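Here are a few friendly notes to read alongside the model. Keep the structure open and look up each element as you come to it.

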Amino acid sequence: MTVLALKNVSKSFGPIQVLHGVDLALEPGEVHALIGENGAGKSTIMKLLGGYLDPTSGEVLLDGQPHRFTSGPQAEAAGIVVIHQEFNLAPDLTVAANIFLGREPGGWRLDHAAMRAQTIALMERLHCRIDPQARIRELSVPDRQMVEIAKALSRKVRVLIMDEPSAVLTHREVGTLYEQIDRLRAEGVAILYCSHRLDEVAHLADRITVLRDGRVVRHALRGELTEDGMATAMVGRELQDFYPPKGNPGSEPALEVRGLSVPGRVRDVSLTLRRGEVLGIAGLVGSGRTELAEGLVGLRAATGKIRVNGQPVRIRDLRDAFAAGLAYLTEDRKEAGLLLEKGLRQNLTLATLERFGTWRLDTRAEDAALDRATQDFDIRAPRRDMVAGKLSGGNQQKLLLAKTMLPDPRIIIIDEPTRGIDVGTKRQIYAFIRKLADEGRSVIVISSEMTEVIGLSDRVLVMREGRLAGEVLGPTMTEENIVRLAMGVGNEPGGEAA
Amino acid sequence: MKHLDLHTLGPIIALIALIILGALLNPAFLAPANITNVLARSAFIGMIAVGMTFVITAGGLDLSVGSMAAFLAGIAIIAMNTVLPYLGPNWGTILIGMAVALTGGLIAGYLNGALVTKARIEPFIVTLGTMGIFRSLVTWLADGGTLSLEYGLRTLYRPVYYGGIGWITWPIIAFAVVALLGEWMMRHSRFGRHVEAIGSNDRVARYSAIDVGRVRLMTYLLLGMLVGLAVVLYVPRLGSASGSTGVLWELEAIAAVIIGGTALKGGRGRVWGTVVGVLILSMIDNILNLADLVSPYLNGAIQGVIIVLAVVLQREKRTAEER
């Protein structure tokens, strides 16, 4: 018996039709994965199911009856809970207050004890030790995600819609997430799971729906589609060679780091990056990868010696790093990378404005730079004068890459190059990164996606608890070896960490 | 762009409507003498509001400008009166007074900016504090009364406010120049772009190798200097300063900025809008004085309504853009 379904649903925003006659049925006790490239219409479907949008034509069926929710809260009352990619948590309230927000137990007096007790029980169920009295602001991003999940679990949920829930979680937490999904499935909850990680879709989903350009191109049952098959269905063409061929790094060092420490985050890291090399840095979330990069480029106070092309350099802030030919692409595209409410041109040139004038900025030269960037990085913007926030995630990332490359750096540190990006764009970005190395630049890629680090890098350094735990290269570059180093099981630290 | 234009033009439409209303209510409204009067009175708040536009666009705020103006006027007058016996009543003395006002403005702006950027205190708190300090200092210097410029100097200095080119007096000219330069800086200079970027998201600005603290500090310096300039033109008007000089100027300046369409949370600055906002505020005042329709005592109430209305319109614009 289908709980919630879309029947021949189409949706248009103004003149643009984003969904074309979509059918989708969520069955109790099933995990239904929804996959597709960015812009394929996944979020629109989630919003339709969650009661945040109405279809232009077609029907939303709840228990077989046509139904129209007027608001998200109304849908929630019917047992349909959505976990959004952007968190819906009040940062200054406590964990317990957030979980019970809007349906606090007790009458006019809040029943703090009950809230706390139930929160502790929920957290135990999720195997995580988050203090119910902690404020959301003080929590790490993965912990916040766990609170979101706990919040969903605390409701009488019949349908759970999850948008990329694992994107910010660490390995262990992802395991807990899967466990909870299995448990909810066993309890008869219908789950819609959106993800870009095809390995987890293959692992979790009982049923897969593939979207492309607002149409359902494939319904499949567990085991009918391989990961390759899913990727092919999503982009509509064969994906041969997802990762570009490895390069031929030179032997001369482009960047030498000796004893770099960031107080409280990174301890005594030494590494050497060769010309034309793509060096991967792996490690669990919180292992100090981002902090290492930020310390290196002067965004965090750090100590240690840095040489670029054999010359010692002092990097006290990002301007020093630029002068030394270093550039850093942040993992936090929306909060540290792009001005979402500003235009493409303003974003592209923001870090290099001094090239375009002081008292009179040369907008024509800026426009020319934007033209070049759009072409070089294949940024697909419907309009030139649009704001960056309106671009799809993949195109935002390409714009950010173009912005990072504008100062023409020789050494580029890219933190999470493809977070929240569709498969087609991922492949493009991998090709860009390889091309940078082939041009004689040197690239450091930091990533939580194991396959990405392995597929892209010539060599991988693994971090654990702020230190380099070891190096893997050539035939030893396997997921298993990296995980071992990252978790600190077995294996002596090797390579340069010694 | 379609729906945006209407909102962008909103302040201008309001201004035109006010001019028509004023002309209908009293023909004297459009007389050159009255126009000069309105513009000259707008000039002080206007120059300060242009500076305020930069501070607010960069995500800051300055509540101290009214008190700062009073304090600067006070020390400029004291300086001129002090050097008068040595230099005599001539332009040299007045230039010293002007220099004191302008340098004082820079120092006061630096004080505000440094407390915000170096000591990392909320701009609201910092300038609430300096607002009280400047106000109290000028009252103390005047010993609770009024600081007056010596008579000889006053006659010499007077034309700086009342004189000019034809009916266009110096304050109007100064305001126009400041407005044009400000508009240019906001739209076409690197500084303006950085100011907008910082107000829009200072973390992105920092990750784009922008010296966020320095740019913020510069906005306060600019504002301080413009307060100094306003004082240079204001002192010859009355030739005195007291504890009640420049009261509520800060709120009028902030109101003009908001009416003009600059977002209070920063990120989007519109200098020409601020100029229109200043004109709207002073025209309401003027019309109420000329026409007997509504008591001039209700001026504040009408201005209040307009400020709230302007913000409501801004919010509608934002939702329209999100669609």
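1. Let's start with a term. Two residues are in contact if their C-beta atoms, placed from the backbone, lie within 7 Å. With that in hand, look at chain B of this predicted model: among its contacts between residues at least 6 apart in sequence, 79% join residues at least 24 apart.

2. Stay with chain B for its overall build. Chain B contains 14 helices and 4 strands. Its radius of gyration is 20 Å, close to the 20 Å that the globule rule gives for 323 residues, so chain B is as compact as a globular protein of that length. The C-alpha trace of chain B spans about 70 × 55 × 35 Å along its principal axes, and buried residues make up 52% of the 323 residues in the chain.

3. Which residues touch the most other members of the largest nonpolar core? They are A:Ile433, B:Met47, B:Ile48, B:Leu226, B:Ala230 and B:Val231, in a core of 176 residues. Helix H11 (residues 212-238) of chain B gives this core its largest share, 17 residues. As background, nonpolar side chains tend to be buried together in soluble globular proteins.

4. Now turn to the sheet in chain A. In chain A, 6 strands form an open sheet with mixed pairing, in the order S6-S7-S8-S3-S9-S10. Its edge strands are S6 (80-83) and S10 (215-221) of chain A, each of which pairs on one side only. Neighbouring strands of the sheet are turned by 15° against each other on average, direction ignored. Helix H8 (residues 227-235) of chain A packs on this sheet and touches S3, S9 and S10 of chain A; the direction of H8 makes about 30° with that of S9(A).

5. Is S3(A) mostly covered or mostly uncovered? S3(A) is mostly covered, with 6 of its 6 residues buried. In a regular strand the side chains alternate between the two faces of the sheet. Here, A:Val31, A:Ala33 and A:Ile35 sit on one side, A:His32, A:Leu34 and A:Gly36 on the other, and all are buried.

6. What are the partners of S3(A)? With S8 (residues 190-194) of chain A, S3(A) pairs in the parallel sense over 4 bridges, and A:His32 stands opposite A:Leu192. S3(A) also runs parallel to S9 (residues 207-212) of chain A, to which 5 bridges join it. Along that pairing, A:Ile35 is opposite A:Val210 and A:Gly36 is opposite A:Leu211.

7. Next comes the contact between the chains, to which chain A brings 22 residues and chain B 13 residues. Helices H10 (318-323) and H11 (333-337) of chain A each supply at least two residues of the side of chain A that touches chain B. By class, that side of chain A has 11 nonpolar, 5 polar and 6 charged residues.

8. Last, a single residue. A:Arg380 is in the loop between helix H13 (363-376) and helix H14 (393-405) of chain A. A:Arg380 is partly exposed, because 13 other C-beta atoms lie within 10 Å. Its C-alpha atom is separated by 9.5 Å from that of A:Leu399, 19 residues apart along the chain.

Key:
Residues are numbered from 1 along each chain as its sequence is written. Chains are lettered from A and ligands numbered from 1 in the order in which they are written. This is a predicted model: local features need pLDDT of at least 70, side-chain atom pairs count only at pLDDT 80 or more; totals for chains, interfaces and linings use all residues. A residue is buried if 20 or more other C-beta atoms lie within 10 Å of its own, exposed if 12 or fewer, and partly exposed in between; C-beta atoms are placed from the backbone. Two strands pair if DSSP finds at least two bridges between them. Ala, Val, Leu, Ile, Met, Phe, Trp, Tyr, Cys and Pro count as nonpolar, Asp, Glu, Lys and Arg as charged, and the others, Gly among them, as polar. Axes are lines fitted to C-alpha atoms, for helices over the stretch in contact, and angles run from 0 to 180 degrees between N-to-C directions. A nonpolar core is a set of buried Ala, Val, Leu, Ile, Met, Phe, Trp, Tyr and Cys residues joined through C-beta atoms within 7 Å. The radius of gyration is taken over C-alpha atoms; the globule rule is 2.2 Å times the number of residues to the power 0.38.
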